[in-house]
Amino acid sequence: MITHKNITIFFIFLLFLLNLLNLYITINFLWFLGIIVIWIAINAIGSSRISSNYHVKAFCNNPLITEKKIALTFDDGPSSYTLEVLALLKKYNAKATFFCIGKNIKAHPEIVKQIIAEGHLIGNHSYSHSKFFDFYNAEMIAEEIRKTDRLLEKLTSKKINFFRPPYGVTTPSIRRALQATGHKVIGWNIRSLDGGTKNKDLIFNRIIKRISPGGIVLLHDTAPHSVFVLEQFLQFLQENNYTVISIEELLNLKAYEN
Ligand SMILES: [Zn+2]
């Protein structure tokens with residue numbers, strides 16, 4: 001399996017071999033440099049793709065599901081737009097999972113309560129969602145996760161089991177932090193990129209092109225264009241006989257510990 005550990009062992013072995021060979025024939029230093037550059041490139045790709053399982057095991061879909069069933073996830077809330085998302089989900093009788101940011105939970109505790117009361121699931125999406133999260137050490141990351149969990153536990157009386165790393169980026173520090181906190185990482189395989197563009201048609205077409213049974217869709221409950229696309233998308237799912245199921249049902253995992 002291509003994991004950070006296996007790749008690193010392989011590349012250290014390569015460098016060792018090259019060094020050994022260097023005792024008999026002169027090897028140009030560019031070979032050493034090339035190997036290190038390739039190792040860095042593989043790390044960059046592995047870290048940026050949550051589905052690669054490079055640093056941590058992430059649940060991104062369920063390939064065993066063949067019926068038209070998918071799960072919806074909303075990141076970065078709660079915000080005032082979460083209320084519009086909740087109203088739409090109610091209208092279309094769909095249940096979703098909200099990966100909430102700790103500082104936003106602190107600002108909108110009543111929305112978190114409403115999410116739970118309306119039968120949706122909650123996951124942890126760090127406390128700060130800092131741009132520098134991927135440079136934090138394991139202790140800082142574990143503390144962010146625990147701080148957010150404490151807020152959620154107070155509001156929901158539930159011990160949170162799901163974590164989604166900010167930007168879907170994973171690192172060795174995140175792996176170590178998760179070993180300490182014990183959270184399961186939930187990724188996605190259908191990304192709307194609604195955080196990067198406001199073009200509603202582009203977002204909608206991106207999602208429906210990628211839709212397939214057992215998939216997990218990533219959306220955001222933080223902007224008006226995302227809410228607009230959600231209604232179009234829920235209509236599309238209804239017209240195409242797709243059923244929206246929870247992450248718990250799709251992955252056969254528990255969102256909370258007792
Ligand atoms: Zn996010």
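Predicted model: local features only at pLDDT ≥ 70, side-chain atom pairs only at ≥ 80, totals over all residues.

So, surface first: the accessible surface of the protein is about 13,300 Å², and carbon and sulfur atoms hold 59% of that. Those areas come from the Shrake-Rupley method with a 1.4 Å probe, and for residues only the protein chains shown count as cover. Residues are numbered from 1 along each chain as its sequence is written, and side-chain values use heavy atoms, with hydrogens and water left out.

Now the overall build. Along the principal axes, the C-alpha atoms fill a box of roughly 75 × 40 × 35 Å. There are 10 helices and 11 strands in the protein; these are DSSP runs numbered from the N terminus, with helices being H or I of at least four residues and strands being E of at least two. How many of the 258 residues are buried? The figure is 50%, where buried means under 20% relative accessible area, exposed means over 50%, and partly exposed is in between, with a 1.4 Å probe and protein chains only.

For contacts, meaning heavy atoms within 4.5 Å, take the ones with a separation of 6 or more: 76% of them are between residues 24 or more positions apart. On charges, we have 29 positive and 20 negative, and their mean positions are 4 Å apart. Lys and Arg count as positive and Asp and Glu as negative, with His and the chain ends not counted; each charge is placed at NZ of Lys, CZ of Arg, CG of Asp or CD of Glu.

Next, the metal. Which protein donors does the zinc ion have? They are Asp76 through OD, His125 through NE2 and His129 through NE2, lying 2.1 Å from the zinc. A donor here is an N, O or S atom within 2.8 Å of the metal (3.2 Å for Na, K and Ca), and water is not among the atoms, so sites may look incomplete. Along the chain the donors are spaced D-x48-H-x3-H.

Asp76 has a positive phi of about 80° although it is not a glycine, and at 17% relative accessibility Asp76 counts as buried. Then Gly77 and Pro78 are joined by a cis peptide bond, with omega at about -5°. Ser79 is in the loop between strand 2 and helix 3 as well. Not counting residues up to four places away in sequence, Ser79 touches His108, Ile111, Asp221 and Thr222, and at 13% relative accessibility Ser79 is buried.

Over in the loop between strand 4 and helix 6 sits Ser126. Ser126 has a positive phi too, about 75°, and is not a glycine; its relative accessible area is 0%, so Ser126 counts as buried.

On to the aromatics. Rings of Phe, Tyr and Trp (its six-membered ring) pair if their centres lie within 6.5 Å; planes under 30 degrees apart are stacked, over 60 edge-to-face, and the rest tilted. That gives 4 aromatic pairs. Why is the pair of Phe74 and Phe98 stacked? Because the ring centres are 5.2 Å apart and the planes sit at 20°. Phe74 is in strand 2 and Phe98 in strand 3 (residues 96–100), so this pair ties together parts that are 24 residues apart in sequence. Phe74 is buried at 1% relative accessibility, and Phe98 is buried at 0%. Phe133 and Tyr136 make a tilted pair, 5.5 Å centre to centre with 50° between the planes, and both residues are buried.

Last stop is His55, in the loop between helix 2 (29–48) and strand 1 (58–59). His55 is buried, at 6% relative accessibility. Leaving aside neighbours within four places in sequence, His55 has contacts including His4, Asn43, Thr170 and Arg175.
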